[in-house]
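Subject: Handover of a two-chain model

Dear colleague,

Please find the structure below, passed to you for your records. A written account of the findings follows it.

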2 protein chains.
Amino acid sequence: MEQSIIKGAGRPISLRNIQVEDDFWKAQMELVRKEVLPYQWEILNDRVEGAAPSFCMRNFRIAGKITQKKKALGNAYEEPTPTFRGFEVLPEDMNHLEDKFYGFVFQDSDFSKWIEAVAYSLMNHPDEELEKTADEAIDIVCAAQQENGYLDTYYIISGMNSIFTNLRDHHELYCFGHLTEGAVAYYQATGKDKLLKAAMRFADFIDSRFGSEEGKCKGYPGHEIAEMALVRLYEVTGEERYLRLCRFFLDERGKRPYYWDSERTEKHTQGERYQYNQAHRPVREQDEAVGHAVRAMYLYAGMADAARLTGDASLLEACRRLWKSTVHEKMYVTGGVGATCQGEAFSFPFDLPNDLAYAETCASIGLIFWARRMLELETASEYGDVMELALYNTVLAGMALDGKSFFYVNPLEVLPEACHKDERKFHVKPVRQKWFGCACCPPNLARLLSSIPSYAYTEDEESLYMHLYIGGRLTKEIHGKKVRLQIESGFPWSGKVRISFEGEEAFMRLALRIPGWCENWKVNGTEGKRTEVKQGYLYIEGNWKNTDVLELCFPMTPVFLQADERVRENIGKVALKRGPIVYCMEETDNGDCLHLNQVFPEEPVEEGSVQIQGQTFPALIAKGRKRKREEARELYRAYREAEYEKAELTFIPYYTWANRGENEMSVWIETAK
Amino acid sequence: MEQSIIKGAGRPISLRNIQVEDDFWKAQMELVRKEVLPYQWEILNDRVEGAAPSFCMRNFRIAGKITQKKKALGNAYEEPTPTFRGFEVLPEDMNHLEDKFYGFVFQDSDFSKWIEAVAYSLMNHPDEELEKTADEAIDIVCAAQQENGYLDTYYIISGMNSIFTNLRDHHELYCFGHLTEGAVAYYQATGKDKLLKAAMRFADFIDSRFGSEEGKCKGYPGHEIAEMALVRLYEVTGEERYLRLCRFFLDERGKRPYYWDSERTEKHTQGERYQYNQAHRPVREQDEAVGHAVRAMYLYAGMADAARLTGDASLLEACRRLWKSTVHEKMYVTGGVGATCQGEAFSFPFDLPNDLAYAETCASIGLIFWARRMLELETASEYGDVMELALYNTVLAGMALDGKSFFYVNPLEVLPEACHKDERKFHVKPVRQKWFGCACCPPNLARLLSSIPSYAYTEDEESLYMHLYIGGRLTKEIHGKKVRLQIESGFPWSGKVRISFEGEEAFMRLALRIPGWCENWKVNGTEGKRTEVKQGYLYIEGNWKNTDVLELCFPMTPVFLQADERVRENIGKVALKRGPIVYCMEETDNGDCLHLNQVFPEEPVEEGSVQIQGQTFPALIAKGRKRKREEARELYRAYREAEYEKAELTFIPYYTWANRGENEMSVWIETAK
């Protein structure tokens with residue numbers, strides 16, 4: 001491997017080295033621990049009445065039985081011949097289940113996301129009971145693994161002779177990726193390596209089948225994630241073959257003739273071929289974020305990982321171009337990405353309809369994965385800004401305040417009647433749903449939220465980088481010395497952050513992200529240190545000692561934002577933001593027909609508060625007016641200057657919307673011109 | 001039958017009694033005669049290279065062979081068992097066609113619409129060659145008819161044992177309806193009754209199988225039109241059983257338990273059952289225009305026909321309610337109806353997106369069918385207004401100025417990039433297409449345009465009703481006396497109309513529609529006549545003699561229209577209309593990014609002209625401004641008051657759009673507030 005030429009913001013701090021004490025984030029993490037993880041375990045075992053069955057653990061158990069039978073029978077075992085039963089296989093009769101695979105072809109990954117979230121949670125908050133459940137689950141999963149290392153229940157159950165024959169649509173490599181991420185996390189959390197070893201055996205089996213060597217398969221994943229996962233596996237094991245396999249997958253992707261063409265006979269007629277899977281051309285030649293948004297984010301994150309470890313400048317350049325395309329042309333003001341429900345995908349540049357939006361929760365989670373990996377490549381505040389934006393808005397909006405229901409789709413404008421009556425908007429739900437048959441978002445949320453400090457803080461030997469301001473106690477080792485920092489943060493409601501130092505005196509470089517939304521920031525306590533601002537980060541270096549205290553102040557002034565003029569839907573409209581939080585209007589506070597409201601964007605905005613599910617949240621009150629309705633019989637009539645009545649417009653944090661029942665919501669509002 | 005209690009604007013004048021001499025309409029009718037009809041005949045016979053094959057006449061020929069074989073074999077003929085091969089059946093290999101049915105299940109109707117248009121054309125313009133072709137076509141069609149009268153090639157070819165087993169989806173009764181409409185028209189045009197007799201035999205067969213009597217089928221058409229057609233057949237033959245069958249179909253529709261449920265086993269889960277087919281509840285209980293828009297229009301037209309002939313007040317009331325729902329809540333400013341591509345259907349009230357619009361050409365044609373039938377029930381100008389609106393805008397927009405390409409979908413806003421890249425808008429074409437596999441619109445256009453005088457004028461014994469002002473020579477008989485009128489009309493560009501009388505002196509009531517868009521109308525020449533305005537019609541009655549001349553003046557002032565405030569997409573926007581013509585902006589005249597333009601709706605609009613395909617069309621020039629683009633790197637930035645540059649905005653008639661290549665178009669434009 002060539003030596004890396006790339007120098008970024010170091011690596012994420014270990015969750016072991018931070019104790020989150022931040023009210024805001026502790027509450028989120030506790031929701032995951034107390035609500036999401038136990039509920040999800042019940043879901044994985046099909047024990048929640050009224051919820052769509054997952055079949056996940058059931059599939060592993062059946063696969064385990066088969067694996068045992070195979071061991072007993074040896075060569076005498078006859079593999080069934082898989083018949084394609086659909087992307088999601090449901091039993092004909094729920095009361096008479098057969099020993100078949102049920103659920104989506106990627107159902108295994110539900111376990112993997114769960115175990116990953118459990119691992120993070122155990123690091124934050126040890127829990128014997130939970131760990132015992134997790135160990136038992138791991139036993140069930142590992143029992144399903146084949147002698148050769150293969151571990152995907154769809155084919156173990158349906159017939160191993162067809163493995164890796166439909167890489168484009170069947171998620172074996174995707175499931176492998178999630179399994180590996182979960183395995184690495186569980187090993188890091190508990191030191192237990194049973195699942196990690198299983199993942200390695202699976203990886204080794206894949207490595208024996210895929211690669212540039214003659215006779216090996218030249219395919220690559222239809223749904224990316226293995227790339228990121230292999231890097232993680234490489235980093236925890238030091239085995240270079242895993243990094244090599246990651247690079248192989250990246251290098252093969254999009255080569256012509258397309259590998260996937262060899263898998264099938266039918267012709268592709270719609271649009272550019274394989275754009276949906278980001279495999280329309282080699283990754284280094286891609287310059288527009290396209291296709292399925294979650295797949296795209298995972299690929300780009302994997303590319304960033306590989307660029308970091310290999311110093312591949314062309315890969316870094318591709319990442320930068322794709323970042324620009326994503327963030328400067330295809331991202332909602334809430335940090336949502338993937339504007340169209342057709343393929344849960346990116347639309348064309350500046351096509352960001354508010355009411356038809358897809359903006360999947362998982363896609364914004366993927367954007368955060370990618371952003372942090374870009375920070376590991378280069379310390380520039382835009383990556384942190386986007387991470388913060390996606391996190392505090394789209395990602396948090398994905399979960400109800402009580403942690404019991406979830407959004408898959410995160411629109412910026414909702415008229416409930418349209419969601420019920422207009423098939424074009426059936427993907428938009430006006431209230432969060434309990435669970436999904438395709439349950440990718442809730443467990444993805446769980447694994448992100450329970451590992452959030454590793455996105456907030458990264459480090460290298462002498463430096464600590466603060467990207468998000470999350471309060472807690474943090475420990476860092478510098479050349480053998482232990483430094484402790486206590487961080488108190490008012491985020492996301494106040495920009496006041498206090499950082500106190502404890503422990504041995506040590507030389508350290510502290511890099512503080514100056515949020516892009518902040519104009520008149522101040523930092524007190526830097527006396528005697530060298531300071532410098534570079535690419536949106538304030539670097540403070542020097543010797544730190546016990547009494548040192550930094551006081552950061554990032555004033556959060558409400559600001560009305562406007563969109564690029566090419567975003568047709570937002571012409572003449574503004575969105576209200578305060579610090580990292582995007583606000584929205586709800587019918588509950590403002591009456592119906594939100595589209596009749598206009599705001600005076602040059603008038604001062606007042607701070608208020610609103611009660612939602614027994615909690616108090618900051619609200620913003622803006623001066624505006626509401627267009628009067630004429631009670632005309634005609635649908636169309638001669639123009640007359642509109643009449644308005646004065647209105648005080650109440651805005652609530654976007655992520656808290658739809659927690660008071662079904663109602664209209666809008667992020668963007670017309671200005672009174 | 002009860003005696004009709006309903007008194008409307010009489011019946012359409014016969015096409016025999018008017019010679020169209022109106023430049024505007026003559027050109028349209030000549031396009032149909034010279035371009036559309038010959039081209040379509042080639043299409044029906046699969047002789048147009050590059051066009052999707054129709055298989056229509058081929059199916060009739062194959063069915064003819066089978067019918068002959070059956071006659072020869074008698075009981076020894078074995079019917080094949082139809083297997084469902086899809087709604088559209090395409091051959092596996094175009095070079096090796098079998099003696100099977102190909103095309104859409106309703107492909108027969110393409111012939112029927114063509115023969116109907118041919119019939120009207122022959123009335124306007126005798127043409128031996130065309131009539132000979134038509135007679136030969138009729139021979140082919142009639143040869144396919146079964147001994148029992150059945151005449152739908154799908155089942156004749158595929159197996160007669162399954163006829164009438166899928167009334168909801170298979171269009172046997174629809175094809176019967178079109179066949180009957182064509183047959184009646186051809187009989188009226190030529191006096192030849194071969195096709196009429198075939199239609200009667202088919203009708204008699206259906207009558208023998210459907211009806212309220214015990215043992216008869218209680219089903220009704222999945223796609224309506226038979227209702228209108230049976231009325232026409234009744235009126236031309238005087239056979240009451242056809243009217244009775246029409247009423248049976250109307251009365252059964254939507255009764256519970258649903259007849260269609262007996263045809264199938266699978267459950268319907270989405271939305272209200274059978275709403276798509278307007279069969280969710282009995283027709284007299286319906287009050288919202290729902291489902292597939294063409295089906296809806298045809299049903300409502302049939303209901304109006306039946307109400308007129310039976311004096312059924314509850315049917316009339318239902319028609320009025322459905323009219324209000326359609327016209328006051330669900331119609332585009334262009335007279336387009338059916339706002340969603342999902343099922344080519346009506347969306348919920350006031351949901352009229354401009355860029356996602358469906359607004360099928362055929363649906364507006366259906367709206368015109370219905371509007372004229374409403375006029376036959378009650379003489380109120382709103383029906384004429386809507387007929388005029390749909391005709392001059394959406395319907396005419398359906399055909400290119402050269403008659404060689406067609407729109408199926410008629411959007412009110414187009415960004416070509418979106419049509420190419422956004423799957424949600426793939427139904428919207430930025431330029432007209434040569435032909436369609438499902439070729440309903442072009443032949444439907446042909447039959448409407450070639451019979452347009454029968455929409456413009458209706459009559460009863462002593463009255464002549466003018467709904468549209470189409471120039472020509474019109475003959476009317478009053479108590480045995482012949483009155484001749486010469487009508488000169490400036491429509492749609494000028495509101496000046498001159499009506500001169502010739503022939504014997506006679507008492508006559510003339511009813512002139514005062515267009516809803518017109519404020520200061522004047523009519524000269526009424527001296528000595530009794531005049532009265534009632535429900536938007538000016539009645540002038542008295543004795544008319546040779547020298548009488550009426551001069552009508554309906555000033556066409558450009559007017560900016562605004563939409564009801566519940567139409568979310570049009571808030572703060574206006575559309576420009578002059579007389580019956582709706583205008584739009586095109587990129588060709590106004591540059592790209594049409595959405596950046598704003599208009600000053602209180603400033604005067606000037607008249608101009610524009611060249612399109614070598615023809616000169618009136619244009620309107622309005623004062624406006626265009627928002628300047630900031631060349632910012634950020635997708636979102638702090639609000640700043642927008643800067644504008646002055647702009648002269650050019651508007652062209654909506655129906656002429658997309659005749660200068662692919663470009664942006666918009667009907668609605670923001671006002672500068």
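Predicted model: local features only at pLDDT ≥ 70, side-chain atom pairs only at ≥ 80, totals over all residues.

Which kind of interaction do the side chains of A:Arg568 and B:Glu413 form? They meet in a salt bridge, with N to O at 3.5 Å; the term denotes a side-chain nitrogen of Lys or Arg within 4 Å of a carboxyl oxygen of Asp or Glu.

Residues are numbered from 1 along each chain as its sequence is written, chains are lettered from A and ligands numbered from 1 in the order in which they are written, and side-chain values use heavy atoms, with hydrogens and water left out.

The interface between the chains

In chain A, 68 residues are in contact (heavy atoms within 4.5 Å) with 67 residues of chain B. The two chains bury about 6000 Å² between them, 51% of it on carbon and sulfur atoms; buried area is the accessible area, for a 1.4 Å probe, that two parts lose on being put together, summed over both. Of the area that chain A buries against chain B, 15% comes from A:Arg424, A:Arg568 and A:Tyr636, more than from any other three residues.

Eight salt bridges are counted between chain A and chain B. There are also 24 residue pairs in polar contact between these chains, both residues being at pLDDT 80 or more. A polar contact is a pair of N or O atoms within 3.5 Å; within protein, one must be able to donate a hydrogen and the other to accept it, and residues adjacent in sequence count only if both atoms are side-chain atoms.

Among the elements that each supply at least two residues of the side of chain A that touches chain B are helix H11 (313-329) and strand S16 (558-563). Helices (H or I, at least four residues) and strands (E, at least two) are DSSP runs, numbered from the N terminus. S16(A) gives the most to that side, with five residues. S16(A) also pairs with strand S22 (residues 636-638) of chain B in the antiparallel sense over three bridges, where pairing requires at least two bridges found by DSSP. A:Leu561 stands opposite B:Ala638 in S22(B).

Salt bridges within the chains

Over all chains, the whole structure holds 131 salt bridges. A:Arg424, already named at the interface, forms one with A:Asp422, the closest N and O atoms being 3.0 Å apart. Both A:Arg424 and A:Asp422 are buried, where buried means under 20% relative accessible area, exposed over 50% and partly exposed in between (1.4 Å probe, protein chains only).

A:Glu630 and A:Arg637 meet through their side chains in a salt bridge of 3.3 Å, N to O. A:Glu630 is partly exposed at 23% relative accessibility, whereas A:Arg637 is buried at 11%.

In chain B, the side chains of B:Arg578 and B:Glu607 form a salt bridge of 3.1 Å, N to O. B:Arg578 belongs to strand S17 (residues 573-578) of chain B and B:Glu607 to strand S20 (residues 606-612) of chain B, so the pair ties together parts 29 residues apart in sequence. B:Arg578 is buried, with a relative accessible area of 10%.

Finally, A:Arg11, A:Glu235, A:Asp305, A:Arg308, A:Arg372, A:Arg373 and A:Glu376 are linked in a salt-bridge network.
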